[in-house]
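Good morning, and thank you for the time. I should like to take you through one model, beginning with a term and then moving from the overall fold to individual residues.

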Amino acid sequence: CGAADGKPMKQRLLVVANRLPVSAVRLGEDSWSLDISAGGLVSALLGVRDVDAKWIGWAGVNVPDEVGQRALTKALAEKRCIPVFLDEEIVHQYYNGYCNNILWPLFHYLGLPQEDRLATTRSFQSQFDAYKKANQMFADVVNQHYEDGDVVWCHDYHLMFLPKCLKDFDSKMKVGWFLHTPFPSSEIHRTLPSRSELLRSVLAADLVGFHTYDYARHFVSACTRILGLEGTPEGVEDQGKLTRVAAFPIGIDSERFKRALEFPAVKVHINELKQRFTGRKVMLGVDRLDMIKGIPQKILAFEKFLEENPAWRDKVVLLQIAVPTRTDVPEYQKLTSQVHEIVGRINGRFGTLTAVPIHHLDRSLDFHALCALYAVTDVALVTSLRDGMNLVSYEFVACQGAKKGVLILSEFAGAAQSLGAGALLVNPWNITEVANSIAYALNMPADEREKRHRHNYAHVTTHTAQDWAETFVSELNDTVVEAQLRTRQ
Ligand code: G6P
């Protein structure tokens, strides 16, 4: 098809995710300040070649009045974003409750919250109802903006009910769904009271994607064992309708990191950090302050390393950037106190009047400060107990062109599948193993470091976020045709 000026019209892509890539601050009754996140995922999704993408999601703020909603909608439109307005009660039940207190821990094999297991069980139904209601609210916004020929790409565990809502509205809509977390073993998934409804709803999509082959396999097993459907090499078949299921490992925009290291301000920062930590090896952790990231396990392993290697005590420092997240959820509040307690104890035990072994920061860093930190790091520590992919490990590798530092990586992060040959893989639950890996990494000969780094660098720089997004969208386009053909047979 062509536009009036003769140029071919770009295909429209509607990206639907719980959260818009913005932070919105209200300045007045009808004015907003917007800070757009410039992360790799955003540029990948908004930068897919020959596609005109728009982002639909929650702006992360409560806007009860129409004046504020209209003004925010207008401001966001300039950034190719469309808001879904969720009130406080829905956010509490859907986002804090069902998404972050039930699905998130379950998909990461952490089960339901330990202390209020019964309370959670009791409030389960109302939270699931709110989840479905919220998903329908996202669907309503998609439907208002959808035009024939658009492709709709739904993201993550917040929106498992969305594919069905969209197909109920228009069965010809091309719908893809991608999960950014692990999909757990079917034995874990089957404990969810809403297990079948969620699976059936995801299966309404034309293409279902995961970061790794294992997650895709778990999903297909859940559909065969729980729903009794047929799993095929291509996906899941239900009465002639094929839902294609496949792995699409995400990447980063590695060029953006490499470019940043050339900025004069970043170079100045790198030199400052080098001076600040002269005579000490720098170990780095960068995580959202989330129980899946294994931060207490990492710090306890570092303590064990210091215990067993007294000669290293004044020659190494661990910098832990712990970005606060989901602070309204009690489990996250408990984790923050727990981490502070452990860090305080270890610094009290091994610190001196002039230096402490752990610098723990409860905040995020801006992009340039982060790149500088990655560049001066000797050993990065990623100890996730489970993690869909973990792009911190990719970002670290992208910034290590000069230093060729070592990556210690949890075998339970999706990234272990792609960076496993270059990283030192560890089981984060085994503190002795992690402590030994720290010692091994700090003493690793230069030729081994280079060889390992070369492997990882080649992977990170050739499997980009843009490739990931383009592959998914192109396969979604093809898959729909295929699925329609099959249903017509
Ligand atoms: C994970 C999820 C994302 C989510 C992010 C931040 O990476 O897969 O969907 O946006 O965490 O969490 P938040 O709850 O702040 O959106």
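What you see is a predicted model, in which local features need a pLDDT of at least 70 and side-chain atom pairs count only at pLDDT 80 or more, while totals for chains, interfaces and linings use all residues. Residues are numbered from 1 along each chain as its sequence is written. The pLDDT, the predictor's confidence in each residue from 0 to 100, averages 93 for the protein, and 94% of the residues score at least 70. The model scores are ipTM 0.97 and pTM 0.95.

Now the overall fold. The protein has 18 helices and 17 strands. Its C-alpha atoms fill a box of roughly 70 × 55 × 50 Å along the principal axes. What radius of gyration would a compact globule of 489 residues have? The expectation is near 23 Å, and the protein has 23 Å, which agrees; the radius is taken over C-alpha atoms, and the rule is 2.2 Å times the number of residues to the power 0.38. Among contacts between residues at least 6 apart in sequence, 77% join residues at least 24 apart.

For burial, I count other C-beta atoms, placed from the backbone, within 10 Å of a residue's own: 20 or more is buried, 12 or fewer is exposed, and in between is partly exposed. Of the 489 residues, 45% count as buried.

Helix α11, residues 295-308, has 14 residues, which at 1.5 Å a residue should span 20 Å; its end C-alpha atoms are 20 Å apart, in agreement. The expected span here is 1.5 Å times one less than the number of residues. Which elements do the buried residues of α11 pack against? They pack against the strands β12 (281-288), β13 (316-323), β14 (358-361) and β15 (379-382), and against the helices α12 (330-350) and α16 (431-442). Among these buried residues are I295, I299, F302 and L306, but also K298 and E303.

Helix α8, residues 213-227, has 15 residues and reaches 21 Å from its first C-alpha to its last, close to the 21 Å expected. Its buried residues include Y215, F219, V220 and C223, and the buried set packs against α6 (186-189), α7 (195-203), β8 (207-210), β9 (230-232), β10 and β11. After α8 comes G228, with a positive phi near 70°.

That brings me to backbone angles. Most residues other than glycine have a negative phi. Y109 has a positive phi near 65° and is found in the loop between α3 (88-107) and α4 (117-145). Y109 is partly exposed, with 14 other C-beta atoms within 10 Å. Q239 also has a positive phi, near 45°, and lies in the loop between β10 (235-238) and β11 (241-247). Is Q239 buried or exposed? Q239 counts as exposed because it has 7 C-beta neighbours inside 10 Å.

Next, two buried positions. H108 is in the loop between α3 and α4 and counts as buried, with 22 C-beta neighbours inside 10 Å. Leaving aside neighbours within four places in sequence, H108 is in contact with T181, P182, I292, L385 and R386. D287 sits in strand β12 and is buried, with 22 C-beta neighbours inside 10 Å. Not counting residues up to four places away in sequence, D287 touches K293, I295, A322 and V392.

Finally, the ligand. Which residues lie around the ligand? They are R19, D156, H180, T181, T325 and R326, where a residue is near if its C-beta atom, placed from the backbone, lies within 6 Å. This shell divides into no nonpolar, 3 polar and 3 charged residues. The classes are Ala, Val, Leu, Ile, Met, Phe, Trp, Tyr, Cys and Pro as nonpolar, Asp, Glu, Lys and Arg as charged, and the others, Gly among them, as polar. T181 of this shell is also one of the contacts of H108.

Terms used: Helices (H or I, at least four residues) and strands (E, at least two) are DSSP runs, numbered from the N terminus. Two residues are in contact if their C-beta atoms, placed from the backbone, lie within 7 Å.
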